[in-house]
Amino acid sequence: MKNYLVPALFFIAMGLFSCATTSQGIQIPPSVSDAVLKNVPVSDAEVASGLKEALSIGISKGATTASQTDGYFKNSLIRIPFPPEVKKVESTLRTVGMGSLVDDFVLSLNRAAEDAAQSAKPIFLDAIKKLTIRDVWGILTGGKDAATQYLKRTTSEELTAAFTPRIQTSLEKVNATKYYTDIITAYNRIPTMQRVNPDLTGYATEKAIDGLFLLVAQEEANIRENPIARTTQLLKRVFAKQD
């Protein structure tokens, strides 16, 4: 999932600094070149503080973006489709003129994910607070998605526990459960068709969380690969060490 979160992460939070100060108390004006920055020492405390704040702000922005109307539905990368394991249900219903019912269901499925997305924010923020110096340096010197993988390892179980009841409530709130029941009922009434009844809540929960991590991975890649995204001297100094 290239994103949510670790996303706007580094660079947004770093936008809080207009002039960085080193651990030795030296102020570095924004005009200083990257070449000079590369030789300015950066302490573990500076790196940890900057990274945590950047992650926190980015995560908040990512969760907010995902939770907005059409945050999932109109984003082709994270839009939740009709459950693939029952794709035959969708194609069959469209064939018999019930395509609008399927479309309403898919829309409501994404609305449920959008409705639940904000519940991810406090879980991510708690994981960021628990970052150790070792974790911080592991993220900075690790692979292009090291921060995303850290969040996956430390929050996936909690996110699933938090999202499941929220998604269930959201599905009912936006009538997805009703649409799904109508769809499955209509399909199961078609002669010769094998009866189906997959877990809608589990499917929606998994896809909603996958979408959030994709947003996180995208923003993480941006800050690592795009120097322009490093909006403060602190970020530039930290990542200059890795370039």
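How are helices H5 and H8 oriented to each other? H5 and H8 are oblique to each other, a term for angles that are not under 35 degrees (roughly parallel), over 145 (roughly antiparallel) or 65 to 115 (roughly perpendicular). The model is predicted, so local features need pLDDT of at least 70 and side-chain atom pairs count only at pLDDT 80 or more, while totals for chains, interfaces and linings use all residues. Residues are numbered from 1 along each chain as its sequence is written, and side-chain values use heavy atoms, with hydrogens and water left out.

**Overall make-up**
- Eleven helices and two strands form the protein chain; these are DSSP runs numbered from the N terminus, with helices (H or I) of at least four residues and strands (E) of at least two.
- Read from the N terminus, the order of elements is α-β-β-α-α-α-α-α-α-α-α-α-α.
- Of the 243 residues in the protein chain, 47% are buried (under 20% relative accessible area, with exposed over 50% and partly exposed in between, using a 1.4 Å probe and protein chains only).

**Helices H5 and H8**
- H5 covers residues 99-116 and H8 covers residues 146-173; their axes come within 8 Å and cross at roughly 130°.
- Axes are lines fitted to C-alpha atoms, for helices over the stretch in contact, and angles run from 0 to 180 degrees between N-to-C directions.
- The H5 and H8 crossing is right-handed, meaning that the near helix is turned clockwise from the far one by less than a right angle.
- On the H5 side, Leu-109, Ala-112, Ala-113, Asp-115 and Ala-116 meet Phe-163, Arg-166, Ile-167, Ser-170, Leu-171 and Lys-173 of H8, where contact means heavy atoms within 4.5 Å.
- Seven nonpolar, one polar and three charged residues take part in the contact of H5 with H8.
- In this scheme Ala, Val, Leu, Ile, Met, Phe, Trp, Tyr, Cys and Pro are nonpolar, Asp, Glu, Lys and Arg are charged, and the others, Gly among them, are polar.

**Helices H4 and H9**
- H4 (residues 87-95) and H9 (residues 176-188) pack at about 75°, with axes 10 Å apart, and are therefore roughly perpendicular to each other.
- Lys-88, Val-89, Thr-92 and Leu-93 of H4 make the contact with Ile-183, Ile-184, Ala-186 and Tyr-187 of H9.
- The contact of H4 with H9 has six nonpolar residues, one polar and one charged.

**Thr-132**
- Thr-132 sits in the loop between helix H6 (121-129) and helix H7 (133-141).
- Thr-132 counts as partly exposed because its relative accessibility is 39%.
- The C-alpha atoms of Thr-132 and Ala-48 are 8.0 Å apart, although 84 residues separate the two along the chain.
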